[in-house]
Amino acid sequence: MQTLVGPHVLTVIYTLVAVLERDTLGVREVHLFGAAVRWAEAEAHRQQLQPTPENKRRVLGKALNLIRFPLMTIEEFAA
């Protein structure tokens with residue numbers, strides 16, 4: 001299935017990347033990760049994709065690489 005990505009989706013992705021690139025947010029990384037996962041699930045549905053881990057990674061793109069997993073505890077990561 002071909003994924004349709006409109007300009008508004010690209011704007012949201014660029015905004016997500018800009019937020020994740022910041023070092024001065026004052027938000028715990030686990031909360032950023034949770035928000036990114038929720039957005040990826042919603043975006044997968046919007047693109048008429050199943051919200052599988054692969055599809056969530058695909059819609060997150062570069063943003064997934066910006067989540068600083070080492071800052072999360074093992075408990076936070078596993079939840």
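In the predicted model, the exposed residues Pro53 and Glu54 are carried on the face of helix H3 that is turned away from the buried side of that helix. The buried residues of H3, which spans residues 53-60, are Asn55, Lys56, Val59 and Leu60; viewed down the helix axis, these buried residues fall within an arc of 135°, and they therefore line one face of the helix. Just after H3, Gly61 adopts a positive phi of about 55°.

One of the buried residues of H3, Leu60, belongs to the largest nonpolar core, a set of 14 residues in which Leu16, Leu20, Trp39, Leu60 and Ala63 touch the most other members. Two or more residues are given to this core by each of helix H1 (7-21), helix H2 (29-46), H3 and helix H4 (62-65). When residues up to four places away in sequence are not counted, Leu20 touches Leu32, Ala63, Leu66, Ile67 and Arg68, and of these partners Ala63 is itself among the core residues that touch the most other members.

At the level of the whole protein chain, the secondary structure comprises five helices and zero strands, with the elements running α-α-α-α-α from the N terminus on. Of the 79 residues in the chain, 34% count as buried, while the chain exposes about 5,500 Å², of which carbon and sulfur atoms supply 61%. Among contacts between residues at least 6 apart in sequence, 65% join residues that are at least 24 apart.

Key. Residues are numbered from 1 along each chain as its sequence is written. This is a predicted model: local features need pLDDT of at least 70, side-chain atom pairs count only at pLDDT 80 or more; totals for chains, interfaces and linings use all residues. Side-chain values use heavy atoms; hydrogens and water are left out. Buried means under 20% relative accessible area, exposed over 50%, partly exposed in between (1.4 Å probe, protein chains only). Helices (H or I, at least four residues) and strands (E, at least two) are DSSP runs, numbered from the N terminus. The arc is that of the directions from the helix axis to the C-beta atoms. Contact means heavy atoms within 4.5 Å. Accessible areas come from the Shrake-Rupley method with a 1.4 Å probe; for residues, only the protein chains shown count as cover. A nonpolar core is a set of buried Ala, Val, Leu, Ile, Met, Phe, Trp, Tyr and Cys residues joined through side-chain atoms within 4.5 Å.
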